[in-house]
Amino acid sequence: MKLGFIGAGNMAQAIIGGILKKGIYSKDDIIASAATEKTINKVAEEFGINTTLDNKKVAEADILFLAVKPVYYKTVIDEIKDIVSSEQIIVTIAAGKSIAWVEEAFGGAKKIVRTMPNTPALVGEGITAVCTNSNVSESDLSNVMELLESFGKAEVINENIMDAVVAVSGSSPAYVFMFIEAMADAAVAEGMPRAQAYKFAAQSVLGSAKMVLETGKHPGELKDMVCSPAGTTIEAVRVLEKEGLRSSVMECMKACADKSRNM
């Protein structure tokens, strides 16, 4: 089987890297296209896969990832729709582009797998939401899930919560990076060197997330474990509650989901 990527940016590179690392496909069986020579040369040098500037050559792959930005989906699909057959699996990576939208854009019965990964895929710690249309068989889905799990976790969801996924995982690394940056700034203000501040803040976020995933405890219970009576942590928590941390996060995620819904 051949694997193709139209678009060879960060997300495509993360997926390609994970697949090659796990040995699911060989370099010779993967082809990617991009809009510029610079990008395909970089990808060819880093991964040793086949590259081209011609999207139509990639569109012949058995599993085809559309890894371009949502704004370019219509243009790309118009270019390749007469080449793609009903036997190929089309994997989309685009906020706001529903399965129904993609089906209509292709204008025929196609196997569509809609996904929403996130940028931690670049370090093998992504989380990808997956949903399919009725043309995708269990075997097709299993093949795609193996690819998606090569760079993190993947879960099948109902498409009606995909906008929530965009908010809670697709876009959320940006919120987390802002939180880490803010903690580091505060540590620098207290006298800690900048590089060390980033390391302490980032490792604390990493470790905290791992506790949620591995202990199975409610985040509120884990928070309470850190908050000693009359201690430093509960004082910090009091200020976060006063300044509306929870409300700010919920409002930003609502705005994110609304934007995805209306794209």
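Analyst: A salt bridge is a side-chain nitrogen of Lys or Arg within 4 Å of a carboxyl oxygen of Asp or Glu. One network of such bridges here links D163, K254, D258 and R261. This is a predicted model, in which local features need pLDDT of at least 70 and side-chain atom pairs count only at pLDDT 80 or more, while totals for chains, interfaces and linings use all residues. Residues are numbered from 1 along each chain as its sequence is written, and side-chain values use heavy atoms, with hydrogens and water left out.

User: How many salt bridges does the structure hold?

Analyst: The structure holds 14 of them.

User: Which helices hold R261 and D163?

Analyst: Helices here are DSSP runs of H or I with at least four residues, strands are runs of E with at least two, and both are numbered from the N terminus. R261 lies in helix α12 (residues 245-261) and D163 in helix α7 (residues 162-170), so this pair ties together parts that are 98 residues apart in sequence.

User: What is the separation of R238 and E235 within their helix?

Analyst: R238 and E235 are three residues apart in helix α11 (residues 232-242), about one helical turn. Their side chains meet in a salt bridge at 2.8 Å, N to O. R238 has a relative accessible area of 43% and is partly exposed; E235 is also partly exposed, at 41%.

User: Which residue forms a salt bridge with E241?

Analyst: That partner is R246, with the closest N and O atoms 2.8 Å apart. E241 itself is partly exposed, at 39% relative accessibility.

User: Where does F151 lie?

Analyst: F151 sits in the loop between α6 (138-148) and β8 (152-156). Neighbours within four places aside, F151 is in contact with A14, I15, P117, A121, G124, E125, G126 and T128. As for E125, its C-alpha atom and that of F151 are separated by 6.2 Å, although the two residues are 26 apart along the chain.

User: And Q88: what does its side chain reach?

Analyst: A polar contact is a pair of N or O atoms within 3.5 Å; within protein, one must be able to donate a hydrogen and the other to accept it, and residues adjacent in sequence count only if both atoms are side-chain atoms. The side chain of Q88 reaches the backbone nitrogen of S85 at 2.7 Å. A polar atom of that side chain also lies 2.6 Å from the backbone oxygen of A61. Q88 is in the loop between α4 (73-80) and β5 (89-93) and is buried, with a relative accessible area of 7%. Beyond four places in sequence, its contacts are A59, E60, A61, D62, I83 and K111.

How values were computed. Contact = heavy atoms within 4.5 Å. Buried < 20%, exposed > 50% of the residue type's maximum accessible area, 1.4 Å probe, protein only.
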